[in-house]
Number of protein chains: 2
Amino acid sequence: MECKRALTEAEGVEEKAIEILRKHGLATATKKSGRVAAEGLVNAYIHAGGKIGVLLEVNCETDFVARGEEFRGFVHDLAMHITAAEPRFLSKEDVPADLLEKEREIALEQARLDPKNAGKPPQVLEKIIEGRVSKFYQETCLMEQPFIKDQNITVGTLVSQMVSKTGENIRVRRFTRYKMGEGLEKRSSDLSAEVQDLLGGNK
Amino acid sequence: MECKRALTEAEGVEEKAIEILRKHGLATATKKSGRVAAEGLVNAYIHAGGKIGVLLEVNCETDFVARGEEFRGFVHDLAMHITAAEPRFLSKEDVPADLLEKEREIALEQARLDPKNAGKPPQVLEKIIEGRVSKFYQETCLMEQPFIKDQNITVGTLVSQMVSKTGENIRVRRFTRYKMGEGLEKRSSDLSAEVQDLLGGNK
């Protein structure tokens, strides 16, 4: 009833309705924990005595599978893989559109500037670009990367194999990778510094 | 020289210049690792057999301090604190302006609707709101939270104490906290579901 009133007040906008409910002090009270649909594990891996760290969540359907040795080993392998292979995204779908567009642009320019490609028809250049984009995915997306313990399969295939083994839907949900000092490295990257210096000199 | 040419071509815009350099295949070549200005540790903590996990990076000035037992204990305490206290931000400055504005608005409405505040001057209401905002910071910002092992000090104070002890600048740089299934919980939160149902019913 309170919800309905809030919604009318909010003219049907969900976010606004929740805000109105919170103002009336109802929101915190009504939040019940609710049944969690997914089971799984959160796991971490620390490398080189604290220089690189990975945190990840992998979901499955039952706690029984989550507690099993096979699933735990699988999650541990994934954490080690992420530590070594440095994926930036989970899957192709997670690559931001503008970043992909930029990669494509750079690949096109590189292909055009390459003397080997002089006089080649646009379809051939397009093939070259598709190849580079595919390589970009293999380098940056966890699911597309060759698995470090078996380079013949991708991590995506490894996940599919676990689905077959356990008979449950399995999903790598998210990961974070920290490299000690990596943000500060960027600042002292030669290229950026050089460009900065020149920009300063132009002023 | 190549940089200068790229910058001219890019009309002085750094990002564009780097892009042009990358197109010419120079960017990857010039990237040297560069001296890292900061030392420190990346650490993780896994709670409840894989239900909650925390990853964090803490910086200090020398590897000597980073390898010391005291610093390691301090970083471990911080990881445990984050696991238990669920901070959402590092410090006050990291709270997005629109979120803060919304909290302030909600606090104002709550104060206005409270019969106890009827007839009180605006300055008094403002004081109440300031108090609520300050509480919001204490609940959500790591540096403002009372330290779980000593509620008399904030985490910010704990960091200052380590600065005194080690004689080095120490900074909690970043952290990530995963709770298994937390994104899926949201979906089944009663309030959101109720609002959604009503929205559906209105269509």
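Predicted model: local features only at pLDDT ≥ 70, side-chain atom pairs only at ≥ 80, totals over all residues.

Me: How many helices and strands does chain A have?

Reply: Chain A has 10 helices and 5 strands. Both are DSSP runs numbered from the N terminus: helices are H or I with at least four residues, strands E with at least two.

Me: What share of chain A is buried?

Reply: Of its 203 residues, 41% count as buried. Buried means under 20% relative accessible area, exposed means over 50%, and partly exposed lies in between (1.4 Å probe, protein chains only).

Me: And what is the accessible surface of chain A?

Reply: The surface comes to about 11,500 Å², and 51% of it belongs to carbon and sulfur atoms. Such areas come from the Shrake-Rupley method with a 1.4 Å probe; for residues, only the protein chains shown count as cover.

Me: Now the sheet in chain B. In which order do the strands stand?

Reply: The open sheet has 3 strands in the order β1-β2-β5 (chain B), with antiparallel pairing. Two strands pair if DSSP finds at least two bridges between them.

Me: Which strands stand at the edges?

Reply: These are β1 (39–47) and β5 (171–179) of chain B; each has a single partner strand, so one side of each is left without a neighbour in the sheet. From one strand to the next, the twist averages 10°.

Me: How many bridges join β2 to β5 in chain B?

Reply: There are 8 bridges between β2(B), residues 52–60, and β5(B). For example, Asn59(B) has Arg171(B) as its bridge partner in β5(B).

Me: Which helix packs on that sheet?

Reply: Helix α5 (residues 69–85) of chain B does, touching β1, β2 and β5 of chain B (contact means heavy atoms within 4.5 Å), and its direction makes about 140° with that of β2(B). Axes are lines fitted to C-alpha atoms, for helices over the stretch in contact, and angles run from 0 to 180 degrees between N-to-C directions.

Me: Changing topic: how many salt bridges are there over all chains?

Reply: The count is 28. A salt bridge is a side-chain nitrogen of Lys or Arg within 4 Å of a carboxyl oxygen of Asp or Glu.

Me: Where do Asp63(B) and Lys51(A) lie?

Reply: Their side chains meet in a salt bridge (3.1 Å, N to O). Asp63(B) lies in helix α4 (residues 63–67) of chain B and Lys51(A) in the loop between β1 and β2 of chain A, so the pair joins two chains. Asp63(B) is partly exposed at 25% relative accessible area, and Lys51(A) is partly exposed at 22%.

Me: Which residues are linked with Lys51(B) in a network?

Reply: Glu39(A), Asp63(A) and Arg67(A) are linked with Lys51(B) in a network of salt bridges. Within the salt bridge of Asp63(A) and Lys51(B), the closest N and O atoms are 3.1 Å apart.

Me: What about Glu130(A): which residue does it form a salt bridge with?

Reply: Glu130(A) forms one with Arg104(A), with the closest N and O atoms 2.9 Å apart. The pair links distant parts of the chain, 26 residues apart: Glu130(A) is in helix α7 (residues 122–140) and Arg104(A) in helix α6 (residues 97–113), both of chain A.

How values were computed
Residues numbered from 1 in each chain as written. Chains lettered and ligands numbered in written order. Heavy atoms only, no water.
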